[in-house]
Amino acid sequence: MSYHTTKKVLCVDDDEDDQMIVTETIQEVDGSLEVVTALNGVEALKILEEAKSNNDLPCLIIMDINMPLMDGKQTLVEIKKDKALDNVPIVMFTTSSSQLDIAFCQQYGVDFITKPINLQDFHNTIQKLLSFRAC
């Protein structure tokens, strides 16, 4: 079965409640988007490899920093090394408010949202991000 006509957002977060918030917010902003979830960077990279081979990359990646197996910063570095993935926009959605984490993300041109967030603000941020992207 081919999903090439469905635009996707990849949510990488080991917290199921946060996955649900992201999914619901994206569905509210654009009900035509499919949200694909991964629990860590290892799963995310597998999903992205498959998406690359199917020429079906997500139009946005929303990723936590603190995850098991491979955290968000390690995953970000791996994604940015891959020329085929380099242009996929990434947003860090994390409990971290560390200036080092923020600076790390800024050097890769990645937006940074700190949890917990006011749901209306999050909705507005996602709407803004999706309106500027290829979603």
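Is Val-77 buried, partly exposed or exposed? In this predicted model, Val-77 has a relative accessibility of 23%. Val-77 therefore counts as partly exposed, since buried means under 20%. The residue sits in helix H3. Beyond its sequence neighbours up to four places away, Val-77 touches Phe-104 and Tyr-108. Cys-105 lies 28 residues from Val-77 in sequence, with a C-alpha to C-alpha distance of 9.9 Å.

The protein contains five helices and five strands. Along the sequence they follow the pattern β-α-β-α-β-α-β-α-β-α. The radius of gyration is 14 Å, close to the 14 Å that the globule rule gives for 135 residues, so the protein is as compact as a globular protein of that length. Its C-alpha atoms fill a box of roughly 40 × 30 × 25 Å along the principal axes. Among contacts with a separation of 6 or more, 69% join residues 24 or more positions apart.

Of the 135 residues, 44% count as buried. In soluble globular proteins, nonpolar side chains tend to be buried together. The largest nonpolar core here has 21 residues. Leu-10, Val-12, Ile-61, Met-63 and Ile-79 have the most contacts inside it. Elements giving two or more residues to this core include strands E1 (8-12) and E3 (60-63) and helix H3 (72-81). Helix H2 gives the most, with three residues. Ile-61 touches, among others, Leu-10, Val-12, Leu-48 and Ile-79. A second, separate core of 16 residues includes Val-9, Val-35, Phe-122 and Leu-129.

The accessible surface comes to about 7,300 Å², with 49% belonging to carbon and sulfur atoms. There are 11 positive and 22 negative side chains. The centres of the two sets lie 9 Å apart.

Methods: Residues are numbered from 1 along each chain as its sequence is written. This is a predicted model: local features need pLDDT of at least 70, side-chain atom pairs count only at pLDDT 80 or more; totals for chains, interfaces and linings use all residues. Side-chain values use heavy atoms; hydrogens and water are left out. A nonpolar core is a set of buried Ala, Val, Leu, Ile, Met, Phe, Trp, Tyr and Cys residues joined through side-chain atoms within 4.5 Å. Buried means under 20% relative accessible area, exposed over 50%, partly exposed in between (1.4 Å probe, protein chains only). Helices (H or I, at least four residues) and strands (E, at least two) are DSSP runs, numbered from the N terminus. Contact means heavy atoms within 4.5 Å. The radius of gyration is taken over C-alpha atoms; the globule rule is 2.2 Å times the number of residues to the power 0.38. Accessible areas come from the Shrake-Rupley method with a 1.4 Å probe; for residues, only the protein chains shown count as cover. Lys and Arg count as positive and Asp and Glu as negative; His and the chain ends are not counted. The place of a charge is taken as NZ of Lys, CZ of Arg, CG of Asp or CD of Glu.
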